[in-house]
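Open the model in your viewer and keep the selection panel at hand. The stops below go from the whole chain to single side-chain pairs.

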Amino acid sequence: MASHNQSYRAGETMGRTEEKGNQMMGNIGEKAQAAKDKAQQTAQAAKDKTQQTAQAAKDKTQQSTQSGQGRAKEMIGQAKEKASEMGQSTKESAQSGKDNTGGFLQQTGEKVKDIAQGATEAVKQTLGMGQKDDPTHQRREY
């Protein structure tokens with residue numbers, strides 16, 4: 001009987017061992033699944049954070065670009081305005097110079113004309129061809 005009893009106990013031990021092994025495998029499987037789930041959650045959170053950071057960087061870059069473009073447009077506008085003002089000032093200065101030059105040349109021309117007329121009258125007087133009744137003409141005595 002002892003051998004039958006020993007066989008029985010050996011079978012019982014083997015059954016318990018198998019059950020414990022199955023329980024351990026189940027626990028290991030559950031822990032592995034939990035670790036897998038945790039890793040997926042962590043990876044998804046990292047992915048989400050990376051996307052948020054990338055979007056924030058993109059938004060900041062666009063904002064900086066738009067700000068820089070706005071500033072550049074403003075500076076170009078100011079430069080155009082300044083160039084226009086300088087062009088207008090140059091035009092006005094040129095016109096003023098032209099007017100002044102015209103007046104100066106006219107005065108000079110009149111003076112030359114008067115001198116030429118005076119010289120002509122002097123030659124006529126010397127040659128006896130001058131008008132003696134001209135009330136505006138003054139005779140010079142030498």
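A residue counts as buried under 20% relative accessible area, as exposed over 50%, and as partly exposed in between. Arginine 71, with a relative accessible area of 43%, is therefore partly exposed. Keep that residue in mind for a later stop. The model is predicted.

Start with the whole protein in cartoon view. Its secondary structure amounts to one helix and zero strands. Of the 142 residues, 1% count as buried.

For one of them, select glutamate 12 and arginine 16. Their side chains form a salt bridge, with 3.1 Å from N to O. Both residues belong to helix H1, which covers residues 2-127, and they sit four residues apart, about one turn of the helix. Colour the pair by accessibility: glutamate 12 is partly exposed at 33% relative accessible area, while arginine 16, at 51%, is exposed because the cut-off is over 50%.

Move along to arginine 71 and select glutamate 74 with it. These two residues also make a salt bridge, and their closest N and O atoms are 3.2 Å apart. Both lie in helix H1, with a spacing of three residues, about one turn of the helix. Arginine 71 is the partly exposed residue from the opening stop, at 43%. Is glutamate 74 buried, partly exposed or exposed? At 42% relative accessibility, glutamate 74 is partly exposed.

Technical notes:
Residues are numbered from 1 along each chain as its sequence is written. This is a predicted model: local features need pLDDT of at least 70, side-chain atom pairs count only at pLDDT 80 or more; totals for chains, interfaces and linings use all residues. Side-chain values use heavy atoms; hydrogens and water are left out. Helices (H or I, at least four residues) and strands (E, at least two) are DSSP runs, numbered from the N terminus. Buried means under 20% relative accessible area, exposed over 50%, partly exposed in between (1.4 Å probe, protein chains only). A salt bridge is a side-chain nitrogen of Lys or Arg within 4 Å of a carboxyl oxygen of Asp or Glu.
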